[in-house]
Amino acid sequence: MKFERLNVVAGESPSSTALEEGVPAIGAGTVNTPVTGRSRKVAIVLFNLGGPDRPEAIKPFLMNLFLDPAILRVPFFIRPFLARYIARARVKGATDNYALLGGKSPLLGLTREQAAALEAQLPEMDAKCFIAMRYWHPFSLETAKAVKAWEPDEIVLLPLYPHFSTTTTGSSLTAWKQASVQAGLVVKTTTLCCYPTDDAYVRATVALVRAAYMKARTELDPAIPLRVLFSAHGLPETIIKNGDPYQWQVEQTVRAVVSAWQADIDWAICYQSRATPQKWIDPSTESEIERAARDRTAVLVVPIAFVSEHTETLVELDVEYRDLARDLGVPGYYRVPTQNADAGFIASLADLVRRTLESGPGLCSHAGGRMCEDPFGECPFRARIPDV
Ligand SMILES: C=CC1=C(C)c2cc3[nH]c(cc4nc(cc5[nH]c(cc1n2)c(C)c5CCC(=O)O)C(CCC(=O)O)=C4C)c(C)c3C=C
Ligand SMILES: [Fe+2]
Ligand SMILES: [Fe+2]
């Protein structure tokens, strides 16, 4: 499918979109203009959250996270105190969790594998992937300088978050905008905001879920029912009430996956990784495990909204929730691996890069224009990403 261009989204003027202003998107003509004499140099910037690379990095990583106004929405003069308080409160637990993974997050290594696999799937262009992490190295500024030094013809900003949230992709875009200005990076840029119901992404996800389901079924007593729990990272309820489309987009993905799977399965959506004292969106993954125990149903947990393994899959799902399920007597606990460098998933990203280039410069979703429904005022096609 060919994307519509950004500015033809019904009812929206070019100036109503903030992100294309936010990211330097310079250059007349279309992105399809061939660069004569050589294949076009496309810098693909992969956004992810980042994680500590050694135990001493855990506290500053947590401080970076909680100092982000997109994460901790309190008045600016309170934020440093609250950030320090929450980071201190979490550091011991986080250190124990990262210790189970060798003292560091696997996220950067896995993102590098995704980057190499993606470059290999785009032979028709001179594509180079760069990684911009939000809360630990490589930060946006390091990456923006590296992109500038490479002298690309075009840039594609590709979040490794299929679902747009102000806390993830929105925050990364704000950081990228600031870094681009600081680095003096002025190159035609197209941003993919999200791809929750992209066909190839959904099909790749179905393939992983189906394989794990079949395996679990062969191991389980046929008399025991199996429920599929799609477990996404949670968010504070206030962020959703403010118009963040993340939860709606997660629901769209799950519906698309279930529909493409075409199997008669018992399934539910739940939310994990609550990290602040406020009320987070329901139901929690813990409460779904408790319900499965009451129903004497085994569970297959599908990490949804995460496309790489990290502490929240390898520790929270594989250790903490597995233990909880065992202690409650859940008759079986299985887990679908995240996409990582799965060939189907990387092929979906490669296709998204091609379509993003066709659509640009500016902002697009996998569907071309804005895909979020009206209540979602924080959809980047509508919201102003704050200046930094
Ligand atoms: C869809 C993905 C994610 C959303 C949405 C998200 C929101 C969000 N996260 C926190 C707090 C923490 N997140 C932490 C780590 C972490 N979170 C994500 C993904 C999403 N976060 C990833 C990929 C990681 C990296 C994990 C790793 O392996 O390093 C952490 C640190 C770990 C810990 O202490 O548990 C915190 C804290 C909030 C508050 C939030 C939304 C408001
Ligand atoms: Fe998180
Ligand atoms: Fe949107």
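Visitor: Which residues carry the feature "binding site" in UniProt?

Guide: The UniProt record, an unreviewed entry, places that feature at His233 and Glu312. Such annotations may be inferred rather than shown by experiment.

Visitor: What makes these residues gather at one spot?

Guide: They span 80 residues in sequence, but no two of their C-alpha atoms are more than 8.4 Å apart, so they come together at one spot.

Visitor: Why is His233 called buried?

Guide: The term applies when 20 or more other C-beta atoms lie within 10 Å. His233 has 25 such neighbours and therefore counts as buried. Its place is in strand β5, residues 226-233.

Visitor: Why does Glu312 count as partly exposed?

Guide: Partly exposed lies between the limits of 12 or fewer for exposed and 20 or more for buried. Glu312 has 18 C-beta neighbours inside 10 Å, so it falls in that class. Glu312 belongs to helix α11, residues 311-328.

Visitor: How do you know that His233 is in contact with Glu312?

Guide: Contact requires C-beta atoms within 7 Å. Leaving aside neighbours within four places in sequence, the contacts of His233 include Glu312, Gln272, Ser273 and Phe306. Glu312 in turn touches His233, Gln272, Ser273 and Phe306, again not counting residues up to four places away.

Visitor: What is the mean pLDDT of the chain, and where does pLDDT stay under 50?

Guide: The mean is 90, and 89% of residues reach 70 or more. Over residues 1-33, however, pLDDT stays under 50. Where pLDDT is low, the predicted coordinates should not be read in detail.

Notes:
Residues are numbered from 1 along each chain as its sequence is written. Chains are lettered from A and ligands numbered from 1 in the order in which they are written. This is a predicted model: local features need pLDDT of at least 70, side-chain atom pairs count only at pLDDT 80 or more; totals for chains, interfaces and linings use all residues. Helices (H or I, at least four residues) and strands (E, at least two) are DSSP runs, numbered from the N terminus. Two residues are in contact if their C-beta atoms, placed from the backbone, lie within 7 Å. pLDDT is the predictor's confidence in each residue, from 0 to 100.
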